[in-house]
Amino acid sequence: LKGREFQGASRIPSEFSEEELVAMKEALKGAIQIPTVSFSHEESNFTALAEFGEYIHKVFPTVFNTSFIRHEVVGNYSHLFTIQGSEPSLQPYMLMAHFDVVPAHEEDWEVPPFSGLERDGFIHGRGTLDNKNSVMAILQALELLLTRNYKPRRSFFITLGHDEEVSGTNGAQKMSTLLQARGIQLAFIVDECGFILDGFIPNLQKPFAMISISEKGAIDLMLQVNMTPGHSSAPPKETSIGILSAALSRLEQTPMPNMFKSGLLKTTLQQLASEFSFPTNIVLRNLWLFGPLVSRILERNDVTNALIRTTTALTMYNAGVKVNVIPPVAKATVNIRIHPAQTVVEVLELIKNIVADDRVQFHVLRAFDPLPISPIDDQALGYQMLHQTIQSVFPEVNIVTPGTCIGNTDSRHYTNLTTGIYLFNPVYLQPQDFRSIHGINEKISVQGYQTQVKFIFELIQNSDTDRKPVPHLHEL
Ligand SMILES: CCCCCCCC/C=C\CCCCCCCC(=O)N[C@@H](CCCCN)C(=O)O
Ligand SMILES: [Zn+2]
Ligand SMILES: [Zn+2]
């Protein structure tokens with residue numbers, strides 16, 4: 001299946017001049033230098049968000065001056081591009097990314113987080129993986145295609161959110177509402193989260209591509225205990241702090257059920273079996289027998305544990321007004337990430353049973369179910385387009401597997417427009433890179449970024465196909 005070649009249109013090779021390669025990385029560096037930080041729902045660096053809009057106008061002039069591309073600013077800072085294809089019968093698709101970033105504490109970094117400095121072949125800074133790399137790579141690939149006189153057959157949208165890190169309610173949610181009002185239905189969406197994973201599984205030497213086809217749900221839950229205040233010189237047997245702490249400790253010490261049996265990680269491991277030598281390959285091929293053993297091993301690692309169960313993180317605690325006053329109220333907030341095989345209602349019930357104390361009140365601050373699981377069969381255009389493009393751009397990657405995003409992305413605001421949501425950032429990710437996302441020393445290799453541009457350049461052309469995807473060989 002080769003997109004444009006099948007249509008008789010000549011395919012534009014993904015080859016870039018030295019000058020273009022340099023311009024690519026310089027454009028990303030400039031984007032990193034704009035501190036588009038989302039601090040909270042109320043507080044963002046609005047000046048930087050506006051500056052980012054001016055910046056993309058400057059570095060991608062062709063995108064903004066092409067007759068078949070419509071650009072709109074939504075929610076003051078987010079960007080919606082409608083790229084009109086020549087074949088209206090082909091259902092459009094959408095490429096997504098976000099350009100807000102989480103804060104960075106400069107002192108902890110080896111290289112200033114908003115410097116975009118290039119060192120040892122890497123571009124350093126907040127947003128180089130999450131997710132300005134995608135914002136810039138999408139626009140860059142389109143700019144390069146347009147300068148080669150590309151005109152798509154299949155229409156597509158590009159949405160660039162400005163508030164993903166604080167829920168996407170002003171950006172993605174508004175763009176979704178706007179597209180819905182226009183009657184748009186999408187063949188598929190591609191957003192951040194999956195990667196080419198390298199070094200996440202012990203004894204697996206080779207990298208593999210994981211396309212997330214669902215993402216976990218979430219609950220922000222506030223627990224509160226009210227008690228009568230009084231003098232600390234004659235304390236009661238139990239205080240609000242003690243009762244709440246005991247409840248929180250029970251939550252931390254009682255893991256949610258292991259859902260390995262009904263999760264996607266099982267499929268991933270079965271697909272990876274052939275990459276291992278004896279006896280791991282036999283174990284992974286026979287998970288009906290070795291499943292309990294394997295899932296116990298997966299529980300030991302924080303990332304794989306997050307993939308097999310709902311997790312409960314104690315993130316905020318507040319109590320006490322003065323050292324000699326028994327506090328009237330203690331509050332804590334727990335951030336829960338729901339496994340795709342469970343729901344908000346089920347998890348809340350489990351939480352209440354674990355806490356098992358009527359003095360603890362529960363206030364749900366925000367909750368949403370996991371995303372539905374997107375199809376990956378031979379007719380699933382989005383999955384097949386990504387699969388095909390991975391095979392051509394990363395020929396060294398043998399295995400492409402579906403997975404679950406353990407975080408949340410803006411894509412969850414678009415479930416009204418499509419059933420095919422695929423989360424894949426075409427970049428190599430090692431465990432230390434994973435820790436740099438929202439952590440310190442986030443960076444991307446220059447070559448990795450240039451390959452990401454190439455990937456999108458090819459993905460856009462591949463998506464021009466009007467054929468149903470042909471069956472591919474399964475790894476199983
Ligand atoms: C055997 C397989 C091993 C798999 C290893 C998986 C490695 C995980 C790879 C990537 C995960 C990166 C997650 C980044 C996307 C998350 C985006 C994010 O941080 N979103 C925020 C949204 C906040 C919205 C407001 N509350 C979040 O989830 O907190
Ligand atoms: Zn992100
Ligand atoms: Zn993030």
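**Zinc site and a helix**

Modeller: This is a predicted model. Around the zinc ion (ligand 3), the four donor atoms subtend angles of 53 to 150 degrees, which makes the arrangement irregular.

Colleague: What makes the arrangement irregular rather than tetrahedral?
Modeller: A tetrahedral site needs all angles between 85 and 135 degrees. Here they run from 53 to 150 degrees, so the arrangement counts as irregular.

Colleague: Which residues coordinate the zinc ion (ligand 3)?
Modeller: Asp130 (OD), Glu165 (OE), Glu165 (OE) and His438 (NE2) do, at 2.0 to 2.7 Å. Aspartate 130 also coordinates the zinc ion (ligand 2), 3.3 Å from the zinc ion (ligand 3).

Colleague: Let us turn to helix H7 (residues 240–253). Which of its residues are buried?
Modeller: In H7 the buried residues are Ser240, Ile243, Leu244, Ala247, Leu248 and Leu251.

Colleague: Why do you say that the buried residues of H7 line one face?
Modeller: Viewed down the axis of H7, they fall within an arc of 130 degrees, so they line one face of the helix. In general, an α-helix has 3.6 residues a turn, so residues three or four places apart point the same way.

Colleague: What does the face turned away from the buried side of H7 carry?
Modeller: That face carries the exposed residues Glu252 and Gln253.

Methods:
Residues numbered from 1 in each chain as written. Chains lettered and ligands numbered in written order. Predicted model: local features only at pLDDT ≥ 70, side-chain atom pairs only at ≥ 80, totals over all residues. Heavy atoms only, no water. Donors = N, O, S within 2.8 Å, 3.2 Å for Na, K, Ca; no water. Tetrahedral: all angles 85-135°; square planar, octahedral: opposite > 155°, others 65-115°. Helix = DSSP H or I, 4+ residues; strand = E, 2+ residues; numbered from the N terminus. Expected span 1.5 Å × (residues − 1). Buried < 20%, exposed > 50% of the residue type's maximum accessible area, 1.4 Å probe, protein only. Arc of directions from axis to C-beta.
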